[in-house]
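Hi everyone, thanks for coming.

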Amino acid sequence: MKFHTVLLTAALLGTCAAQGPPSIVWSPTTTRPEVVDTKANITINPDASGDHFGDLAEDTMASQIADRGHILNWAPLWLPHGAGRPNLPAATLSVDGSVLAVIETVGAAAGPRQSRIVCIHPGTGKVLRIIELKERSIERIHILNGRNEALLYQAGQKVFEQPNRLIKVSLETGSVTGEFPPFKGELRDLSLSHDGRQAAAIEKGSPNIQIYDLTSPGQPPVTFDSETQEGLTAFSPDGKLLLLATAKQLQFFDLANPGTRKRNPLNLPAGPKPDLFTAAPDQANEMLLGTLGGPLYLIRGERSFPLDDNFEGFASFADDMIMLVTMAKSTVRLLDRNTLREVARFQAKADRPITRGNLEQVFYQNGFLLVIDSQGNIYTRKPIKQRWGKNLLIEAYK
């Protein structure tokens with residue numbers, strides 16, 4: 001088990017180091033069962049030096065949200081009842097690459113559950129802030145571009161009278177800054193505009209696309225019928241179009257007049273419905289479209305370029321490259337975005353320190369990879385001369 005300061009050792013040995021926060025226990029009632037969170041994987045100590053976060057650049061999100069005055073230690077908590085892995089349902093990286101926000105969910109396997117947001121600095125592995133979300137079970141998180149806020153998808157829990165809905169949380173204060181109108185069903189697809197001001201949501205079994213103004217949580221979404229119950233959405237880089245990719249077509253909806261098609265649909269390569277669809281944040285008319293166990297394409301204008309004929313993971317745009325990740329084999333490939341030639345290939349979990357988990361999420365930012373694996377390990381891979389060096393930031397609490 002790896003933590004980031006020697007203060008944890010002192011706490012475990014019962015020395016004069018400050019104790020961790022008390023367990024959170026809500027007493028059972030006829031309608032509210034007991035929820036226990038021991039916080040065994042968290043310690044909080046005062047920052048006697050006052051300089052624990054002194055190495056953070058002032059103009060970064062990390063510096064703005066850091067919980068100054070405290071030294072926080074955290075390791076992903078493994079699920080009880082022999083589940084065999086930590087419960088980290090979602091994670092996201094800020095646009096400036098200075099904050100990795102990870103969701104950790106605790107509670108009984110059958111519920112009730114609650115989540116917390118753990119904000120980490122990818123360069124140092126220091127825990128910047130831990131935000132407890134009482135009686136809320138979170139399944140998705142997105143940091144909003146240009147603001148120290150996160151958009152979360154909360155799964156409903158009847159016992160707490162919590163519906164399926166989107167909420168906003170301040171990463172500086174930890175407070176809930178907005179609750180959006182509840183969904184009638186479960187969320188199937190969610191995409192955000194690149195400026196963080198709009199979101200498109202589709203519920204399971206529904207053809208309706210809901211467009212949310214993320215600056216006005218109390219305002220109901222604008223809804224229109226897409227005429228299909230399949231497909232994935234993405235916003236154009238300028239935020240003026242919403243793209244909908246189905247098994248056969250790419251459709252273009254005008255956000256100034258929601259539901260109005262801006263141009264004729266683009267026919268896509270024949271195949272099953274997509275599992276991955278993402279639009280380049282910096283280049284119009286460039287998209288990645290793929291089906292698990294099937295083909296992965298780069299869509300550029302009206303042309304399609306095959307990147308993989310047996311897509312088994314996830315893919316994303318990475319500056320002037322395209323990153324392809326095979327989850328089971330833990331392989332990362334980097335392709336030149338212009339020529340589509342492979343410029344690097346390696347096993348992300350290889351090398352010391354040894355990690356055995358399969359890849360769950362991989363982020364590319366500022367020339368390095370940030371990896372979260374199925375064992376709860378969080379580490380970076382950075383190019384050093386002719387190889388990609390490995391640095392383990394956080395190891396799961398077991």
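Predicted model: local features only at pLDDT ≥ 70, side-chain atom pairs only at ≥ 80, totals over all residues.

Let's begin with the rings. How many aromatic pairs does the structure hold? There are 5. A pair of aromatic rings is described by the distance of the centres and the angle of the planes.

Take Phe-180 and Tyr-212. Their ring centres are 5.8 Å apart and their planes stand at 90°, so this pair is edge-to-face; the cut-off for that label is over 60 degrees. If you trace the chain, Phe-180 is in the loop between β12 (176-179) and β13 (187-192), while Tyr-212 belongs to strand β15, residues 208-213. The two are 32 residues apart, and the pair links distant parts of the chain.

Are these two buried or exposed? Buried means under 20% relative accessible area. Phe-180 has 1% relative accessibility, so Phe-180 counts as buried. Tyr-212 has a relative accessible area of 2%, so Tyr-212 is buried too.

Now look at Phe-183, which also pairs with Tyr-212. Here the centres are 6.0 Å apart with 80° between the planes, and the pair is edge-to-face. Phe-183 lies in the loop between β12 and β13 and Tyr-212 in strand β15, so this pair ties together parts 29 residues apart in sequence. With a relative accessibility of 7%, Phe-183 counts as buried.

Which residues do the ring pairs link into a cluster? They are Tyr-153, Phe-180, Phe-183 and Tyr-212.

4 strands form an open sheet, and their order is β26-β27-β28-β29, with antiparallel pairing. At the edges you'll find β26 (313-318) and β29 (342-347), each pairing on one side only. On average, neighbouring strands of this sheet are turned by 15° against each other, with direction ignored.

If you zoom in on β28, residues 331-336, you can see how this strand pairs with β29: antiparallel, over 5 bridges.

Last stop, the charges over rings. The charged end of Arg-300 sits over the ring of Phe-305, at 5.5 Å from the ring centre. Then there is Lys-390, with its charged end over the ring of Tyr-379, 4.7 Å from the centre of that ring.

Conventions. Residues numbered from 1 in each chain as written. Heavy atoms only, no water. Pairing = 2+ DSSP bridges. Axes fitted to C-alpha atoms, helices over the stretch in contact; angles between N-to-C directions. Phe/Tyr/Trp six-rings, centres within 6.5 Å; stacked < 30°, edge-to-face > 60°. Buried < 20%, exposed > 50% of the residue type's maximum accessible area, 1.4 Å probe, protein only. Lys NZ or Arg CZ within 6 Å of the ring centre and 35° of its normal.
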